[in-house]
Amino acid sequence: MKSLISLVVLVVVGGVAFGLGRLTSAPPQFTPVEAESADALAAAYDEFIRSQQETVALLRASPFFDDDQARAEAYRSVLYATVGSIKAGALQSHDFPRFSRAVDWTSKAGLDNPDNNYYIALIDDDAEYRISGKRGTTANLIFQLVIGQPAVRGAGSSTNVSVLYDRDMVFDEAGNYEVVVSRQDPGPGVNWLPNGEGAQTILLRFTYNDWAGESHRAPYIEKIGREGAHAPRLSSDAMAFGLREAAVSLYDRTATWLDFSTKAWTLRGGNSITEARPSRGGLVGQYSAFGNWELEDDEALILSTSRSAADYQGIELGNLWFVSLDYETRTSTLNLSQMHCGADERCHAVISHRDPGVQNWLDTEGHRRGLIMMRWQGLPAPLAEQMQPEARVVPFARLRDELPADIPAFSSEERREQIDARRRAVHQRFGG
């Protein structure tokens, strides 16, 4: 009997240790093999193909790869990651950089915020660059310079070298700006994004409250001293380097976001939301709350939050591959300008599989389980306890009884108009 008990204890302890190991260990990384070959370029391309194969294998091995929709979205997430990795890994130049849309409808990843237009450019940490553009009318414009590339080779998305907010910038009368990226301070009156050891990725966010009414102009970047110069002709060595970088980026990003998702799902109770806290692994100065849902067809989750003094406040749903849901033809995301809030400044969103007939519907897109992300930018002070988000599950049939009486009904025609406006605005913001 004692032997049996000992065996059970060993199995349980071993299982717990294995589980804790999965939750505390770092995500795997891709290491390109530089095999001896007469054709280094072909060998590098083969490594890129191997990265795709191993990335798919990583997703197939996940417990989330368990139904038709999840499997289909796993493969789509690989396509998203491939597009993003090609743009950031294979096609960028540190000497002749350009801002590309890091995340949009073609390259969603990292539980991207649909209220942002993201741009990235890659730079050298010992060089100087000039960024220019026009402020536009978005709620926020934020420059972030980080070490390495986020989620690649173990680099975080908040390993900051420096951050510059629009509120700290100088603009001319027309709203134009210039930002200098350099080791040395360019002096008073100049917008400065300090460069530093290990810096590689400049990330810009134009954050929208009003998708249709606000606007921005894409930024321009140039390396100081290379203005008007020709880029060198492409060589096999340079292309091989780019392919290897894309291979690493593809696998590492996918592994990192899957690791985040696994921990977020495993370490939190179902149908819950955390308090708003300073973001870890995201934008410095941003507050965030993280949660998840797991609902039957006859259930709904009411997510309540208070209208705050933040420049921007939003909610989004994501799948378990750490990718945002369809925000173009469904209301899977809402910010304060898109929500109805009561006279008490409390806002109630409904997460459900079916349309609940209220404006603030967060559509699960048929996923029985998924992730919730809330963000606050420009929050002047931490949220008071009574303003923190709350989540509770209720029977779908009793939903109206569980919501405040002052929440108006929302008709099917209003929903069609809402979706039509969202889709037009997404096309306007992201283009083709």
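A cavity here is a set of grid points, on a 1 Å grid over the protein atoms alone, where a 1.4 Å probe fits but cannot get out. A volume is the space filled by probe spheres set on such points. By these terms, the second largest cavity of this predicted model has a volume of about 40 Å³.

**Overall form**

- The protein chain has six helices and 18 strands.
- Its radius of gyration is 23 Å, close to the 22 Å given by the globule rule for 432 residues, so the chain is as compact as a globular protein of that length.
- Along the principal axes, the C-alpha atoms of the protein chain fill a box of roughly 75 × 65 × 40 Å.

**Burial, surface and contacts**

- Of the 432 residues of the protein chain, 52% count as buried.
- The accessible surface of the chain comes to about 20200 Å², and carbon and sulfur atoms account for 53% of that surface.
- Taking contacts between residues at least 6 apart in sequence, 76% join residues at least 24 apart.

**The largest cavity**

- Two helices, α3 (68–90) and α4 (236–266), each supply at least two residues of the lining.
- Sorted by class, the lining of the largest cavity has nine nonpolar, five polar and two charged residues.

**The second largest cavity**

- The residues that line the second largest cavity are Val103, Asp104, Asp112, Asn113, Pro114, Asn116, Tyr118, Tyr327 and Phe430.
- Five residues of this lining are nonpolar, two are polar and two are charged.

**Arginine 244**

- Arginine 244 sits in helix α4, a helix that also supplies at least two residues of the lining of the largest cavity.
- Leaving aside neighbours within four places in sequence, arginine 244 is in contact with Pro32, Glu34 and Ala44.
- Glycine 89 is 155 residues from arginine 244 in sequence, and the C-alpha atoms of the two are 8.1 Å apart in space.

Technical notes:
Residues numbered from 1 in each chain as written. Predicted model: local features only at pLDDT ≥ 70, side-chain atom pairs only at ≥ 80, totals over all residues. Heavy atoms only, no water. Helix = DSSP H or I, 4+ residues; strand = E, 2+ residues; numbered from the N terminus. Nonpolar A, V, L, I, M, F, W, Y, C, P; charged D, E, K, R; others polar. 1 Å grid on protein atoms, 1.4 Å probe; cavity = no way out; pocket = protein on both sides within 12 Å on 5 of 7 lines; lining within 4 Å. Rg over C-alpha atoms; globule rule 2.2 N^0.38 Å. Buried < 20%, exposed > 50% of the residue type's maximum accessible area, 1.4 Å probe, protein only. Contact = heavy atoms within 4.5 Å. Areas by Shrake-Rupley, 256 points an atom, 1.4 Å probe, with all protein chains shown as cover.
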